[in-house]
Amino acid sequence: MKRMLILAASVAIAATAHADVKLPAILNEGMVLQRSAPLKFWGWADEGEQVSVEFLGQKKTTTAKNGKWEVTLKGTRTAGGPFPLSISGKNRIEFKDILVGEVWVCSGQSNMELTLKTSFQSEGDIAKSANPTVRLFMVKNTRSDSPKQDVEVQLPWSAAAPESVPGFSAVGYYFGRMLSEKLGVPIGLISSDWGGTPAEAWTPEEKLASTASLKSVLENYPVARARYDEQRKKWETDSTQARLEGKTPPAAPRAPWRYAELYNAMIAPITNYGIRGAIWYQGEANASRAMQYRELFPAMIEAWRSVWDKKDMPFYLVQLAPYQASGSQKTEYAELREAQLLATQKLKNVGMAVITDVGEEKDIHPKKKQPVGERLALQARRDVYREKNLVAQGPTFKKASFEGEKAVVSFEHTGGGLLASPTDSLGGSVENGKVVGFALAGADGVFYPATAVIEGGDKVVVTSAQVPAPKAVRYGFINFPVTNLWNKEGLPAGPFRSDMPK
């Protein structure tokens, strides 16, 4: 009898638990909801259960179908809080600390993932980080072969404070801090990033399959996986033998990243959550496939915009920092930077932060993250928040003309005018007025270092005694460029080549 009573009690408890309305991890106390956008709430409940949502004077009820429910309330221009929120079905969930403001996703690979505590001279910023209107949410690194219903959480919604910010994305934090200071509204930052990851892992499978030039991504994975499985078997055998002989086992092979697996686990489950836009720092893992990245990266952006149902959603990226890669004078990183630039020209509302001044030749993870986050924020301040008279980017190549022995390069986004910094990006002294980082080539296609001087406020004249009849000009177009061309607002010019292949 006693056993039957225990069993009955267990069934009752299970039934009650199943009856509870449940929410995804991102809908929780302390969250920031996107202002001036539909407010979506969703989750799970019993079939046919009535679920009501009450927020800012609105109340809406829906019926759960197939175990799921979703309610959309009208957006509000009101920013601030904290506001109460209640969601009720057979149970009632109440929150008291909900803010309304601006929400951004921070994604990419290790340079977005790099934490504030490991970035350059961040101790003071951490100590002064307390701000109850800046909220942080971190998605845990997880993979999935199909879209998941919910994310795993590394850090639940938390106010910025010395206890919460050290392990958060440094780029994301500095981006959000500047927006908070300039806008005066709550800022929500969602960190969803993973070091060493290629862009295809963040792209939905359907987008890859429907893009003719990217189908090879799907086709190549089984081959790479089979190769890895063979390498793994050999490694296991070799490791066992090494241990028997008292030797150090060889390094384990690295499994290939599967297309879409990070999108499925770390992006798809939050696409109902309202956001303003995304910031992105990635590309190192695709540097050997720059021509493919020209198609892949815009496809990923378009896919994200589609799943969030936000046409032309603001998307701001970081151009890869200078790094030696396979060799400082080689160009695979330069070609990837070029592909990133092309995305800003191909798609609307895609901006780019140039960081030629913060690279480290032998460290793929440059530690100076404050200028990176703040340059991303400049783009958002100008383009999203319509801050007037704001110069938000550095000089950008417009065109080159060749006149006898010289090349004349014209730039856009020169702000108050072009400036040759007295120090180059390595901190070395530069002769007054000269610009370093330019190279010229003649009809033979061989490039030589060139002399360059600023002419007027938006042009640079480039010459080289070794190239009497130049046909092509480049600036900073190597893996680790040393440059010094800026605008007077303190933003560096981006690398380019006039001989870019189509």
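Helix α9 is largely enclosed by the rest of the structure, because 11 of its 15 residues are buried. Buried here is under 20% relative accessible area, exposed is over 50%, and partly exposed is in between, with a 1.4 Å probe and protein chains only. Helices, H or I of at least four residues, and strands, E of at least two, are DSSP runs numbered from the N terminus. This is a predicted model, where local features need pLDDT of at least 70 and side-chain atom pairs count only at pLDDT 80 or more, while totals for chains, interfaces and linings use all residues. Residues are numbered from 1 along each chain as its sequence is written, and side-chain values use heavy atoms, with hydrogens and water left out.

Staying with α9, the buried residues include Tyr-333, Leu-336, Arg-337, Glu-338 and Leu-341. The buried residues of α9 pack against α8 (290-307), β12 (315-318), β13 (350-353), β14 and β24 (496-497); contact means heavy atoms within 4.5 Å. On length, the 15 residues of α9, 332-346, should span 21 Å at 1.5 Å a residue, and the end C-alpha atoms are 21 Å apart, which agrees. The expected span is 1.5 Å times one less than the number of residues.

Next, the largest pocket. The space in it is about 570 Å³. A pocket is an open set of points on a 1 Å grid over the protein atoms alone, with protein on both sides within 12 Å along at least five of seven lines; a cavity is a set where a 1.4 Å probe fits but cannot get out; lining residues have an atom within 4 Å of a point. Grid points are joined across faces, edges and corners, and a volume is the space filled by probe spheres set on the points. Of the 30 residues lining the largest pocket, Leu-341, Thr-344, Gln-345, Thr-396 and Phe-397 are the closest to its centre. Two or more lining residues come from each of α9, β13, α10 (370-383), β14 and β24. Which element gives the largest share of that lining? It is α9, with five residues.

The largest cavity holds about 60 Å³. Among the residues lining the largest cavity are Met-352, Arg-375, Gln-379, Gly-394 and Leu-491. The elements giving two or more residues to that lining are β13 and α10.

Now the sheets. Two strands pair if DSSP finds at least two bridges between them. β14, residues 396-403, pairs with β15, residues 406-412, in the antiparallel sense over seven bridges. Lys-399 has Ser-410 in β15 as its bridge partner. The two strands form a hairpin with two residues between them, and Gly-404 in the turn has a positive phi of about 65°. They belong to an open, antiparallel sheet of five strands in the order β14-β15-β21-β20-β17. Its edge strands are β14 and β17 (434-435), each of which pairs on one side only. β15 is joined to β21, residues 459-463, by five bridges, again antiparallel, and Val-409 has Val-460 in β21 as its bridge partner.

Another open sheet has four strands in the order β19-β18-β22-β24, with antiparallel pairing. Here the edge strands are β19 (447-449) and β24, each pairing on one side only. β22, residues 472-475, is joined to β24 by two bridges, with Tyr-475 opposite Phe-496.

Last, helix α4. It has 14 residues, 170-183, which should span 20 Å at 1.5 Å a residue; the end C-alpha atoms are 20 Å apart, which agrees. α4 is mostly covered, with 11 of its 14 residues buried. At its start, a side-chain oxygen of Ser-169 reaches to within 2.9 Å of the backbone nitrogen of Gly-172. After the helix comes Gly-184, with a positive phi near 70°.

Not counting residues up to four places away in sequence, Arg-177 touches Asp-125, Gln-370 and Glu-374.

Terms used
Polar contact = N/O pair within 3.5 Å; in protein donor to acceptor, adjacent residues only side chain to side chain.
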